[in-house]
Amino acid sequence: MGSSTSTISVLLFLGLVQFAVSGHDYKQALSKSILFFEAQRSGHLPPNQRVSWRSHSGLNDGKSIGVDLVGGYYDAGDNVKFGLPMAFTVTTMCWSIIEYGGQLASNGELGNAIDAIKWGTDYFIKAHPEPNVLYGEVGDGKSDHYCWQRPEEMTTDRRAYKLDRNNPGSDLAGETAAAMAAASIVFRRSDPSYSAELLRHAHELFEFADKYRGKYDSSITVAQKYYGSVSGYNDELLWAAAWLYQATNDRYYLDYLGKNGDSMGGTSWSMREFGWDVKYAGVQTLVAKILMQGKAGEHTAVFERYQEKAEQFMCSMLGKSTKNIQKTPGGLIFRQRWNNMQFVTSASFLAAVYSDYLSSSKRNLRCSQGNISPSKLLDFSKSQVDYILGDNPRGTSYMVGYGHNYPRQVHHRGSSIVSFKVDQKFVTCRGGYVTWYSRKASDPNVLTGALVGGPDAYDNFADNRDNYEQTEPTTYNNAPLLGVLARLISGPTGFDQRLPGVSPTPSPVIIKPAPIPKRKPSTPPAPASSPSPITISQKMTSSWINEGNVYYRYSTKLTNRSTKRLKNLKISITKLYGPIWGVTKTGNSYGFPSWMKYLPAGKSMEFVYIHSAAPANVLVSNYSLE
């Protein structure tokens with residue numbers, strides 16, 4: 001029996017309702033995640049630049065060939081401007097705003113998010129000087145990775161690589177067309193002329209991509225080792241068509257999706273990832289939206305096949321498909337060892353938006369193991385974001401600058417070398433490796449908001465600068481996270497995504513702040529006249545450090561507040577990553593210890609567990625009173 005008092009507690013209406021309140025500050029995480037893009041800027045930085053340790057860089061990009069290619073983003077911890085991941089980053093940022101612009105506005109971040117998009121689209125306009133020409137890369141990975149220098153003083157080759165009629169790149173041109181089309185929706189209300197310019201570029205880029213077909217890394221071969229197009233270009237052509245239809249309602253693009261869905265793999269590829277290379281899951285989600293809007297017309301049968309694949313992707317995330325997405329023991333999506341987090345955020349975003357599509361059309365998710373409530377998809381997105389922010393076996397936040405235990409030795413040139421504004425002493429190409437890369441200390445500049453590559457398949461993570469697979473951040477890790485965080489700030493209440501039957505004219509981004517719905521439990525609580533007879537409280541009783549890891553001992557107290565004996569107890573415990581004492585495990589549930597048959601009226605029982613994370617989730621799933 002226990003006598004501990006509650007300091008960290010959740011009051012559960014046991015057996016009736018699970019009421020979970022996140023301990024994470026999603027608003028703070030959202031603000032930080034957008035700030036990261038300012039650290040990745042190339043070009044002449046604006047007066048309102050908030051990441052003050054950065055300065056101007058790449059000011060001569062394109063000059064040697066008479067083209068202004070100043071601007072854009074560095075993709076990760078290096079100083080190369082790779083077109084394919086940059087365009088995907090912009091497209092997914094735009095999608096975040098299109099779906100959740102109101103939530104971004106109400107949290108004061110819409111302007112910053114739009115600025116982040118415009119930094120990319122301004123560059124794409126420069127990179128597309130003619131209808132059938134697109135500059136797809138500035139710098140090259142080989143020479144860049146040979147050096148460890150700040151972007152402000154890099155001495156590496158800044159050659160520009162382009163696509164044209166004789167050197168096509170349908171995947172890169174298609175993705176850039178998608179980015180421009182999506183951005184035209186974002187700017188439609190606030191800057192109509194800029195929106196029209198973006199749409200013109202989108203039309204031209206799509207025509208270029210579709211007419212002159214080929215893989216971009218066959219034309220820009222220096223990209224193969226870093227951003228090779230494994231999936232080919234059919235997914236990008238469909239992706240671009242879907243975004244152009246969203247932006248224009250032009251039937252040409254609807255027909256393109258309908259007529260090419262089968263032959264280009266949109267209806268046949270069942271995916272378990274979504275990212276800068278493989279767009280099929282994103283295409284299938286967008287086409288499912290069109291279908292649920294009632295706009296598929298004669299293509300309904302084809303669009304239903306797209307939707308089937310979209311729902312297979314959603315079901316695989318929930319573990320309700322015949323082929324499920326792999327997860328770590330701590331519950332994180334795991335796709336690959338190198339920068340796995342990119343797949344976590346992109347999948348979480350798709351799950352969030354599809355949850356809202358289903359809710360708006362009053363449908364359930366159809367899985368091979370039965371129908372699933374849309375709220376389960378949003379719960380899944382929340383579980384992934386909570387893991388990222390620290391609810392994991394290590395108790396580590398994988399967003400730099402969020403929480404107390406986050407990566408300090410990030411694989412990133414700019415953050416790992418003292419700011420150019422603090423010390424302008426020249427850092428040589430190889431000298432940067434000797435002085436800064438190999439330095440076993442925290443980065444001199446905090447790369448606030450950066451989402452690093454993340455843990456391995458067993459939730460292990462090593463915070464070392466040379467561990468680039470786990471400690472390097474990327475723009476495309478953060479981009480879909482904007483939408484997920486904006487969505488989660490508003491709690492579990494569903495949003496009306498204007499499904500079905502949207503108006504013929506696409507709805508522009510709503511700038512007017514939207515009220516944040518109050519968080520509500522997913523199940524109605526018991527009437528006030530029938531209070532729950534059982535309460536649970538938790539508190540941390542001790543902590544210690546072993547081999548660099550912090551471990552916590554948690555005490556959990558369960559009290560029978562009824563006037564009867566509590567019997568047949570079943571306790572559900574999730575997010576438990578260590579040993580537990582004081583309960584007996586039976587199947588997936590826990591019950592009384594073997595010596596205990598019931599809990600008398602007014603009495604309490606206590607059990608304890610140890611792990612290196614936040615308190616586990618504890619609730620009573622079944623009981624009886626006699």
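So, helix 1 passes helix 18 in a left-handed crossing, and left-handed here says that the near helix is turned anticlockwise from the far one by less than a right angle. Quick caution before I go on: this is a predicted model, where local features need pLDDT of at least 70, side-chain atom pairs count only at pLDDT 80 or more, and totals for chains, interfaces and linings use all residues. Residues are numbered from 1 along each chain as its sequence is written, and side-chain values use heavy atoms, with hydrogens and water left out.

Okay, how do we describe a pair like that? Two packed helices get an angle between their axes and a distance between the axes. Helix 1 covers residues 26–39 and helix 18 covers residues 475–489; their axes come within 9 Å and cross at roughly 155 degrees. That makes helix 1 roughly antiparallel to helix 18, the word for angles over 145 degrees. The axes are lines fitted to C-alpha atoms over the stretch in contact, with angles from 0 to 180 degrees between N-to-C directions. Helices themselves are DSSP runs of H or I with at least four residues, strands are E runs of at least two, and both are numbered from the N terminus.

Who's touching whom? Among the contact residues are Leu30, Ile34 and Phe37 of helix 1, and Leu481, Leu485 and Ile489 of helix 18; contact means heavy atoms within 4.5 Å. By class, this contact has 13 nonpolar, three polar and one charged. Nonpolar is Ala, Val, Leu, Ile, Met, Phe, Trp, Tyr, Cys and Pro, charged is Asp, Glu, Lys and Arg, and the others, Gly among them, are polar.

Now the second pair. Helix 2 (residues 83–106) packs on helix 3 (residues 110–127) at about 155 degrees, with the axes 10 Å apart. Those two are therefore roughly antiparallel as well, and helix 2 passes helix 3 in a left-handed crossing. The contact includes Val90, Ile97 and Gly101 of helix 2, plus Ile114, Ile117 and Gly120 of helix 3. Here the classes come to 15 nonpolar, three polar and no charged residues.

Let's jump to a loop. Asp423 sits between helix 15 (413–416) and helix 16 (431–437).

Zooming out, the protein chain has 18 helices and 13 strands, and 60% of its 626 residues count as buried.

Note on methods. Angles under 35 degrees count as roughly parallel, over 145 as roughly antiparallel, 65 to 115 as roughly perpendicular and the rest as oblique. Buried means under 20% relative accessible area, exposed over 50%, partly exposed in between (1.4 Å probe, protein chains only).
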